[in-house]
Amino acid sequence: MGTLVAGHPRLDDDRICVNIPRTVVICTDIFDEFMERNGLYPIALSDSSDAEILAAFERGVLPEALLDDLLALFDVVDHPIAVRSSGVLEDAHYQPFAGVYATYMVPRVSDKQAMLAMLRSAIKAVYASVFFKDSKAYMTATQNLIDQEKMAIVLQEVVGSEHGQYFYPTLSGVARSINFYPVGEEKPEDGVAKVALGLGAYIVDGGKSLRFCPAYPHNILQLSELRTVLREGQKEFFALDLSMLGQAPETDTEYNIRHLPVAAADDPETLRYAFSTLSLEDQRLTPGGTGAGRRVVTFSNILEYDAFPLARVISDLLRIGSRGMGRPVELEYAMDIREGKAYFYLLQIRPIVDVSEETELTPDDLSRPALISSTSVLGNGMVEDVHYILYVRSDRFDALRSRDIAAEIGNINEQLAARGESYVLVGPGRWGSSDPALGIPVKWSHISGAKAVVECGLEDFRVDASEGTHFFQNLTSFGVGYFTIRPYQGDGTFDEARLNALPAEYESHSLRLVKFPTPLFIKMDGRHSRGIVSEIAPNGNQEQK
């Protein structure tokens, strides 16, 4: 990553310092030695629970030479340390595993031995995450062998500043060199970015954030109407809890991450650059969060008034990264503002897997009576041998039950997978969100058999698509069709009435699973962002109603 930053004059600006965090890599030979020395492969490859696997790995002993090197690291790093995975399969250009393995954050303490103990446990926990249930499901779906994975570890300085007992940056985000959902003047090649207050895990887990095109940072759709600002604005942020010391890592990597209301971020730099103030008297947003009124996360002083060239830096890095990797890229970044100067850090950059084959919807395709159609589709090509549609009943959807629905989908997915069957998944809101209020919080293991995923907005449940999340990246990485439809505004169709009229192989209060006698016709035109799902009669013709 350093070569992407160094030597590019367009990144030079007195207002902003562009760099990468101090980073150390623990090579794969340490992983091999750790696994063999501690005899961990039998339990790692077994059906043991995640907690049992983690406990076994925590009992393992790391090489002594590595511990000496870690102690030396503390002399040059004075921030918390993120312990990230860097697997051989995870870094493959044509099949990235973004976010599948665990990332842990270790607070910085002055006692080196205490710091070493926490870091040592976090490294072993990341190793263990290779063999957790979700990772194994991902391996199966991508037809890889889990015992062939080689794991390196990236130890990376966490960007941010201390704020009392919490640690977080002014902003974090993700950006992609391809914009699959261009708005207004935006073009696909202009890219797209998302930004939020606090640690970046908030965005990659699907939290509400601010979307902007780096080429048009002044035109932010979410800020065009006050109603949208208040409904779609960021309500909470993630911060590392510095008081969580000495606690062993858990299978839940967020055990020491706190979800705080945005009102808790009240230091002067954050107030000035992250917030705007909504005046209740004249219903107007004023940049900065020190006035009388409600604070709203807008980053207006940065994006609209260019206090710091954030959009230009992101645009340049996307361009440089795409050229260097020879394909579209996604990057993660963080920026901390201290004493009036911005410190921008490139955290990760990885290729976006795309499909080169050109597929175009023909007039005959478009004349089919569609079960599902969309003009906002990510994916390309034909999907074959799918007989099932699993959908959430719109008339019975209850956001308060979304976690239960996710678990139920996981059970159905497991049963279909055991029979070698795949399906189209349809539901409201944002699939894979960590916030149940935004959609159904499935993980990859819940939907590993889905060949097309449909986010279907409802009149009273309107949520932005999942672009920018690890969940979204992983779905698109190996060709899962991704449909976004909003029937309430004439953008796409979902013929739920047709499905309701068919017998269900499985039915509950919230879900129906319908099987078709012949494979569904599923076609995605990636160049024009269009797609269709239609049924075919047993005689091979399109089904007529």
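Strand 1 (residues 16-19) pairs with strand 17 in the parallel sense, over four bridges. Within this pairing, Ile 16 stands opposite Ala 342 of strand 17. The model described here is a predicted one.

On strand 17 there is a second pairing, with strand 16 (residues 329-338): these two run antiparallel and are joined by ten bridges. Asp 336 has Tyr 343 in strand 17 as its bridge partner. Strands 16 and 17 form a hairpin with two residues between them, and Glu 339, in the turn, has a positive phi of about 50°.

How many of the eleven residues of strand 17 are buried? Eight are, so strand 17 (residues 341-351) is largely enclosed by the rest of the structure.

These strands belong to an open sheet of six strands, in the order 1-17-16-8-9-10, with mixed pairing. Strand 1 and strand 10 (210-212) stand at its edges; each has a single partner strand, so one side of each is left without a neighbour in the sheet. On average, neighbouring strands of this sheet are turned by 20° against each other, direction ignored. Strands of a sheet pair through backbone hydrogen bonds, either parallel or antiparallel.

Val 195 has Leu 210 in strand 10 as its bridge partner.

| Strands | Sense | Bridges |
|---|---|---|
| strand 1 and strand 17 | parallel | four bridges |
| strand 16 and strand 17 | antiparallel | ten bridges |

Helix 12 (residues 310-325) lies across strand 1, strand 8 (171-176), strand 9, strand 10, strand 16 and strand 17. Helix 12 runs at about 150° to strand 16.

Cys 17 has a relative accessible area of 29% and is partly exposed, whereas Cys 456 is buried, at 7% relative accessibility. The structure holds zero disulfides.

Is Val 130 buried or exposed? Val 130 counts as buried, because its relative accessibility is 0%. Val 130 is placed in the loop between helix 6 (112-129) and helix 7 (133-141). Its C-alpha atom is separated by 10.0 Å from that of Leu 45, and the two residues are 85 residues apart along the chain.

Methods:
Residues numbered from 1 in each chain as written. Predicted model: local features only at pLDDT ≥ 70, side-chain atom pairs only at ≥ 80, totals over all residues. Heavy atoms only, no water. Buried < 20%, exposed > 50% of the residue type's maximum accessible area, 1.4 Å probe, protein only. Pairing = 2+ DSSP bridges. Disulfide = S-S within 2.5 Å. Axes fitted to C-alpha atoms, helices over the stretch in contact; angles between N-to-C directions. Contact = heavy atoms within 4.5 Å.
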